[in-house]
Amino acid sequence: MNKSTSNNQSLKVERKTMEKNRRIRMNILCSKLASLIPQHHITTSKESLSRQDYLDQATSYITQLKERIDGLKLRKEQAVLQSEGIDTSSSLTSSIDQKAKLGFVPPVFQLRDHGLGLEVILISGRRKNFMLYEVIRILEEEGAEVVSASFSVVGDKIFHTLHAQVRLCRVGVETTRVYERLKELIH
């Protein structure tokens with residue numbers, strides 16, 4: 001009987017030690033996370049912040065960084081489009097361009113095949129818009145799953161970027177069929 005009591009006590013001590021080590025590790029990780037948040041992003045004084053407040057601040061900061069990354073990706077995509085000869089500027093001069101200046105830009109799209117993924121870039125004017133859910137529906141009907149979608153308004157144009165992955169690797173996605181269906185939808 002004495003052995004079982006000492007065995008139970010040693011298990012309790014072991015559990016207490018494990019819990020104490022877990023709390024110490026969590027405190028260290030929270031401190032590291034708090035140190036990564038820039039001072040200008042913290043809305044209140046550092047001394048009055050609880051662990052929950054630090055986690056909220058970190059979440060807010062990470063979200064802000066993600067939005068910044070998305071904006072930079074969009075700028076990169078626009079630069080790529082410009083290097084490929086697709087005009088993304090808002091300085092327009094001809095009579096056709098005057099319609100575009102009013103927001104009647106005919107939609108332009110580009111489909112990129114990345115093996116097991118697709119990237120669809122759609123550019124339209126503010127008034128000549130299309131139903132984005134229709135584009136997503138086409139991608140899903142053709143065997144792709146949309147994993148991210150973003151848009152940005154630059155001048156008179158709206159830039160949509162969709163990233164999709166192939167649902168079934170064995171089947172894949174026939175990009176020429178997707179291209180034709182998107183072309184039919186947009187034009």
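## Overall layout

Of the 187 residues of the protein, 30% count as buried, where buried means under 20% relative accessible area, exposed means over 50%, and partly exposed covers what lies in between, with a 1.4 Å probe and protein chains only. This is a predicted model, in which local features need pLDDT of at least 70 and side-chain atom pairs count only at pLDDT 80 or more, while totals for chains, interfaces and linings use all residues. Residues are numbered from 1 along each chain as its sequence is written, and side-chain values use heavy atoms, with hydrogens and water left out.

The secondary structure comes to five helices and four strands, and from the N terminus on the elements run α-α-α-β-β-α-β-β-α. Helices (H or I, at least four residues) and strands (E, at least two) are DSSP runs, numbered from the N terminus. Among contacts between residues at least 6 apart in sequence, 55% join residues at least 24 apart, a contact being heavy atoms within 4.5 Å.

## Helix H2 and the coiled-coil record

Helix H2 (residues 51-83) has 33 residues and reaches 47 Å from its first C-alpha to its last, close to the 48 Å expected at 1.5 Å a residue; the expected span is 1.5 Å times one less than the number of residues. The buried residues in H2 include Tyr54, Gln57, Ala58 and Tyr61, and also Leu74, Glu77, Gln78 and Leu81. H2 is followed by Gly85, whose phi is positive, near 95 degrees.

According to UniProt, in an unreviewed entry, the feature "coiled-coil region" is placed at residues 55-82; UniProt positions are given in the numbering used here, feature names are shortened, and annotations may be inferred rather than shown by experiment. In the model, residues 55-82 are 100% helix and 0% strand, and the end C-alpha atoms of this span lie 40 Å apart.

## Two nonpolar cores

A nonpolar core is a set of buried Ala, Val, Leu, Ile, Met, Phe, Trp, Tyr and Cys residues joined through side-chain atoms within 4.5 Å. The largest such core has 14 residues, of which Leu118, Val120, Leu122, Val135, Leu139 and Leu182 touch the most other members. At least two residues of this core come from each of S1, strand S2 (117-125), helix H4 (132-141), strand S4 (157-166) and H5. A second, separate core has six residues, among them Ala34, Ile37, Ile42 and Tyr54.

In H4 the buried residues are Glu134, Val135, Ile138 and Leu139. They cover an arc of only 140 degrees around the axis, which puts them on the same side of H4; the arc is that of the directions from the helix axis to the C-beta atoms. These buried residues of H4 pack against S2, strand S3 (144-154), S4 and H5, and just after the helix Gly143 takes a positive phi of about 100 degrees.

Val178, Leu182 and Ile186 are buried in H5, and, seen down the axis, its buried residues fall within an arc of 55 degrees, so they line one face of the helix. An α-helix has 3.6 residues a turn, so residues three or four places apart point the same way. The buried residues of H5 pack against S1, S2 and H4, whereas the face turned away from the buried side carries the exposed residues Thr176 and Glu184.

The structure holds one aromatic pair, formed by Phe109 and Tyr179, which is tilted, with 5.1 Å centre to centre and 40 degrees between the planes. Rings of Phe, Tyr and Trp (its six-membered ring) pair if their centres lie within 6.5 Å, and planes under 30 degrees apart count as stacked, over 60 as edge-to-face and the rest as tilted. The pair links distant parts of the chain, since Phe109 is in strand S1 (residues 108-113) and Tyr179 in helix H5 (residues 175-186), 70 residues apart. Phe109 is buried, with a relative accessible area of 11%, while Tyr179 counts as partly exposed at 35% relative accessibility.

Leu111 also lies in strand S1, and it counts as buried at 18% relative accessibility. Leaving aside its neighbours within four places in sequence, Leu111 is in contact with Leu118, Glu119, Val120, Thr175, Val178 and Tyr179. Leu111 and Thr175 are 64 residues apart in sequence and 8.0 Å apart in space, C-alpha to C-alpha.
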